Each structure stands twice: as structure tokens, then as C-alpha cells.
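Let us walk through this fold one piece at a time. Keep the sequence and the model side by side as you read.

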Amino acid sequence: MHIVLQLIPKKYLIGGTLILLGLSGLLIMSTIVAITGEFEKDSQQSEVTEIEGGGIGVGTANVSPEVMKYQPLLEKYAQKHGLDASYVPIMMALMMQESGGRGNDPMQSSESFCGSVGCISSPELSVDKGVLHFKSVLEKAHYDLKLCLQSYNFGGGFINYVMKNGGKYTPELAISFSQSQYQKVKHTGNYHCVRPEMVPYQACYGDAKYVDAVLKYYTGTITADGKPAAPASGGSGGSGGKSGVKVIDAGKTLIGKTRYVFGGGRSQSDINAGRFDCSSFVRWAFEQVGMNVGPMSGVTTDTLKTQGQAINPKDMKPGDVVFFDTYKIDGHVGIYVGNNQFLGCQGKTGVAIASMAKGTYFGERFNGRVKRF
């Protein structure tokens, strides 16, 4: 090989080398362009992914970073067990009270899962079984959220006690149940008041103030009976669909006047310039009819899906908010306008009405999540 190279003139060797380098450079550039193009194609339907809590009605889970990191798992297992995502921030607040997000059993699920403390050593299993137990208790409590929370601490016997004494949670019932149960077990010496203020009442079984302890980590709306808050002003698709028509009419004013910008619509200058993405457009449209569904700077599909009332897709009305699985679960959002169509801000069109009928791009990606604000 060395002899052959000596026979070839040096200028041809240099030229050949440059040609090879040039071809390699073109191949690398083509690969980069192809990858970038795919990324831009995917990002046309994408959303920013800041984590922010939502709630029963409109609210926020005010918890530590250790708890916040469990939000994706809580959402995963809420979906697995058929629990509406509106309850995720409440469960985050519950986890904050139980463990602060620390340890291998952050939801303290061992006792409900296997009957003894310490049998769970996997945080994901803790979340899985914790969400399942929360849903079970919530259903037994007839969706009285405060009764559910207190029963998470006291056990299922508290639900039976409440049903025999008015049927709804009250702080007084929590204290009286703790008193009665403590009288049964105080001889064991294993129970002591976790709150000094409960000592005069001899209410030393569990934590009679558990509801308040959890809700101090949550800011939001809970109705008097503990159920998810009814939509404001009759709901976006409420009686007669009046609010729904208003939000659609507001949104339609931007048709032909905007362009899709990934992460756009989160400042007044963006809005003035007509730069939106899907979730910022939905937030803007509801703001025009006097409904605050999240802060301008932090709205995402993830924050929108935790708000409002879950609606069966069969009962959709104009003004309801619909979600699609695009680049991720709930990656795109829009406002239903009727006749298998929705109003949204899409990658190629900006704000426009698009079809979600079967066989269309969005029709194949509609995931059945419908929320009424």
C-alpha cells in the first residue's frame, strides 16, 4: 500500500482527501437537517412542560420539590385506576402531609396494601397503591373529599360513623370519632395525642385535624359538600350552552390573525403580536369571558387538564375543552365547537377550526379527556 501511495502524485492525494472531507461534511449536515426537521415537525403540536398544580375547581398544590417530582407518577396511576386528574394536586398535598415526598413509601400505603407498616419498599408501588386506596375511599365517601381525607388517616370505620351521624364530614364528627376510638385502645399505651390541643378532648386516636393538615398545602376551591366544584357561570358548556358560545365567539376573533409559536402567548407582547400555542390560546379565550383558568406565564396542557369538571365525551357541549395525545399524553388542547370540530391553535394554521372526526389527524389522537370550566 505504501508503494502505491508513492506512485500517486501528491496533488491528487490532497484533492481526493478534500473531496472525501467535503462528502462527509454534506452527509453530517443532511443528518442534522433531517433531525432538526423532525423535531420542528413534532414541536408544532408540543407544549411547554412546567409543572404546576391544578385542583378541584381551580387551585394549586403548594408542596416541596420532593413531592412535585411525583406528579407524573400520580397522573400515570390516576389514569390507570380511572381517577380524574383533578384529584392529583389533592393527592400531592396528602403526600406532603404523609411523608414530604421522602422515603420508599411516600404515600404511606403499606398498611392499606398489606395490613402492616413497612411492607412497601418501592416509591412507585407506594404511589400505585396509594392512588388506588384514595380512589376507593373517595368512592365509599360518596365523593365527600374531606371525609375521604380524614378516612385516609382514621380508616374506613370513620365513613360508617359519619353515615350514621348525618352523612357528611364535620370537624366535630372527626373529634368525637377519635374520642370514641381512643377509649377502646388507650389501655394499650400505644396511642398518644399527636396534637396537644386534642388532649383535653381525649381525642388521641389518629389525627382529628388531618383534613386541615392536608389542605394547608392546597389552594383551591372545594364545595361545601366536598365534591368537585361546579363550573363557573353554569360551565363552559352549561345550561343552554351560553358560556360555551361566548368563549367560542371570543376565540374565533383570532382566526387568521395568529401564528403558532412553541411556548408563545405567555406574555402580553406575544399576545399583542398574535403569537400563541394551543394552551395559551385556550387560557386567553376563557379570560375574555371572565374566567381565570391559570396564570398567563405558566399555563400548559398539564395545568389545564387538572381544572374544571370531567365530562363524558358522549355529553360534550360547545365550549368544553378537549385533549389530544400528540407528542405526549394530553399534548394538544382545544375548545369543542360541535359537529366533531374544535377551535385551537395548530402548528400550520394558527388559531383555526379543525376536525376531530374519525380518520382525521386529531380524530385519531383525541384521548377522551373532556373538561368543563
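Helix α4 is followed by Gly82, whose phi is positive, near 75 degrees. The model is predicted, so read each angle and distance here as a computed value. Step back from Gly82 into the helix itself. α4 covers residues 71-80, and its buried residues are Gln71, Leu74, Glu75, Tyr77 and Ala78. What covers them? The cover over the buried residues of α4 includes α3 (65-68), α5 and α7.

Take α7 as the partner to follow. Two packed helices are described by the angle between their axes and the distance between the axes. For α4 and α7 the angle is about 45 degrees, and the axes are 9 Å apart. An angle under 35 degrees would count as roughly parallel, and 65 to 115 as roughly perpendicular. α4 and α7 are therefore oblique to each other. Their crossing is right-handed.

Now look at the side of α4 that meets α7. Leu73, Leu74, Lys76, Tyr77, Ala78 and Lys80 of α4 meet Glu124, Val127, Asp128 and Val131 of α7. By class, this contact has 6 nonpolar and 4 charged residues, with no polar ones. Leu74, Tyr77 and Ala78 take part in this contact, and these three residues are also buried. An α-helix has 3.6 residues a turn, so residues three or four places apart point the same way.

α5 is also part of the cover over α4. Helix α5 spans residues 88-98 and is mostly covered, with 9 of its 11 residues buried. Which ones are they? The buried residues of α5 are Val88, Pro89, Ile90, Met91, Met92, Ala93, Leu94, Met95 and Met96. After α5 comes Gly100, and its phi is positive too, near 70 degrees.

Return to α7 and pick out Ser126, which is found in this helix. Is Ser126 buried or exposed? Its relative accessible area is 0%, so Ser126 is buried. Set aside its neighbours within four places in sequence. Ser126 is then in contact with Asn104, Asp105, Pro106, Met107, Gln108, Ser109 and Ile120.

α7 has another helix to meet. The axes of α7 (residues 123-140) and α8 (residues 145-154) come within 9 Å and cross at roughly 130 degrees. An angle over 145 would count as roughly antiparallel. α7 and α8 are therefore oblique to each other. The crossing of α7 and α8 is right-handed. On the α7 side, the contact is made by Gly130, His133, Phe134, Val137 and Leu138. On the α8 side, Leu145, Cys148, Leu149, Ser151 and Tyr152 make the contact. By class, this contact has 7 nonpolar and 3 polar residues, and no charged ones.

Next, the aromatic rings. How many aromatic pairs are there? The count comes to 16 aromatic pairs. A pair of aromatic rings is described by the distance of the centres and the angle of the planes. Tyr191 and Tyr205 form a stacked pair, 5.7 Å centre to centre with 25 degrees between the planes. Both tyrosines lie in the loop between α10 (171-185) and α11 (210-215), so the pair ties together parts that are 14 residues apart in sequence. Tyr191 is partly exposed, at 30% relative accessible area. Tyr205 is buried, at 17%.

Compare a second pair. Phe286 and Phe373 are tilted, with 5.0 Å between centres and 55 degrees between the planes. Phe286 lies in helix α14 (residues 278-287) and Phe373 in the segment after β10 (366-372), so this pair ties together parts that are 87 residues apart in sequence. Both Phe286 and Phe373 are buried.

Tyr191 and Tyr205 also belong to a cluster. One aromatic cluster is formed by Phe154, Phe158, Tyr161, Phe177, Tyr191 and Tyr205. The loop between α10 and α11 also holds Val199. Val199 counts as partly exposed, at 41% relative accessibility. The C-alpha atoms of Val199 and Gln179 are separated by 10.0 Å, and the two residues are 20 apart along the chain.

Finally, the whole protein. It has 15 helices and 10 strands. Buried residues make up 46% of its 373 residues. Among contacts with a separation of 6 or more, 59% join residues 24 or more positions apart.

Key:
Residues numbered from 1 in each chain as written. Predicted model: local features only at pLDDT ≥ 70, side-chain atom pairs only at ≥ 80, totals over all residues. Heavy atoms only, no water. Axes fitted to C-alpha atoms, helices over the stretch in contact; angles between N-to-C directions. Helix = DSSP H or I, 4+ residues; strand = E, 2+ residues; numbered from the N terminus. Left-handed = near helix turned anticlockwise from the far one by under 90°. Contact = heavy atoms within 4.5 Å. Nonpolar A, V, L, I, M, F, W, Y, C, P; charged D, E, K, R; others polar. Phe/Tyr/Trp six-rings, centres within 6.5 Å; stacked < 30°, edge-to-face > 60°. Buried < 20%, exposed > 50% of the residue type's maximum accessible area, 1.4 Å probe, protein only.
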